[in-house]
Amino acid sequence: KGYGQPSVSDRGAIARNGFSMDTRLVAAAIPIFVVTIAIELWGAKRRGISVYRFFDAVSDLGCGISQQLMLLLTQAPMLVAYAAVHERFALFDLGRGPLGLLTAYILVDFLYYWWHRASHRINFLWAVHLVHHQSEDYNLAVALRQALFTHLTAALFYLPMAFVGVDVVLFGIVLALNTLYQYWIHTEVVRHCGLLEVVINT
């Protein structure tokens, strides 16, 4: 590999870097979550529609907080496992440059789609994922309504990226960016995104 053959402790450090970047990006977005939820409430009120119920929103936030606490226990070990597979079995060394970043972005988006689709089709995966769909409202707070073990089922879908040669740090960063992107599309207030509807998930 381009960075040599890391030891077990090196793999842990590399995975911690990916985990740290992932958690920092999500933590940095919390003020944005608060502001955008307030804007959504304001926009809904101007239109005369109701998109929030207090207890439902509290449940959304409780699920989000619980999942983030679970990630503190499970995400680093998952990234260490990813780094170990990458080190031992990667077919290519894509590095951390533009090629690695572009590949990571495309594969995270592609594999997220298949994980999400499978989570609606396969009973076991649905049992994990359905918490996200239990709200009767559709708003930005619902994006935070995540199940405790969602990331564990998704990890299996992302593992092929390690075989392709996507670096664990890039994987952590792009996964965090994908997670943040999924947030803003959970709203009824924005009805249409024009030409973007043709090319991206909206």
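Q: Leaving aside its neighbours within four places in sequence, which residues is glutamine 67 in contact with?
A: In this predicted model, glutamine 67 belongs to helix α2. Glutamine 67 has a relative accessible area of 10%, which counts as buried because the cut-off is under 20%. Once its neighbours within four places in sequence are set aside, the residues in contact with glutamine 67 are Gln146, Ala147, Leu148 and His151.

Q: Where on helix α6 do its buried residues lie?
A: Helix α6 covers residues 150-158, and its buried residues are Thr150, His151, Thr153, Ala154 and Tyr158. Seen down the axis of α6, these buried residues fall within an arc of 160 degrees, so they line one face of the helix.

Q: Which helices do the buried residues of α6 pack against?
A: The buried residues in question include His151 and Tyr158. They pack against α2 (54-89), α3 (98-121), α4 (123-129), α7 (160-164) and α8 (168-184).

Q: How many Å apart in space are proline 160 and histidine 86, C-alpha to C-alpha?
A: Proline 160 is part of helix α7, and with 39% relative accessibility it counts as partly exposed. In sequence, proline 160 and histidine 86 are 74 residues apart, while in space the distance from C-alpha to C-alpha is 9.3 Å.

Note on methods
Residues numbered from 1 in each chain as written. Predicted model: local features only at pLDDT ≥ 70, side-chain atom pairs only at ≥ 80, totals over all residues. Heavy atoms only, no water. Buried < 20%, exposed > 50% of the residue type's maximum accessible area, 1.4 Å probe, protein only. Helix = DSSP H or I, 4+ residues; strand = E, 2+ residues; numbered from the N terminus. Arc of directions from axis to C-beta. Contact = heavy atoms within 4.5 Å.
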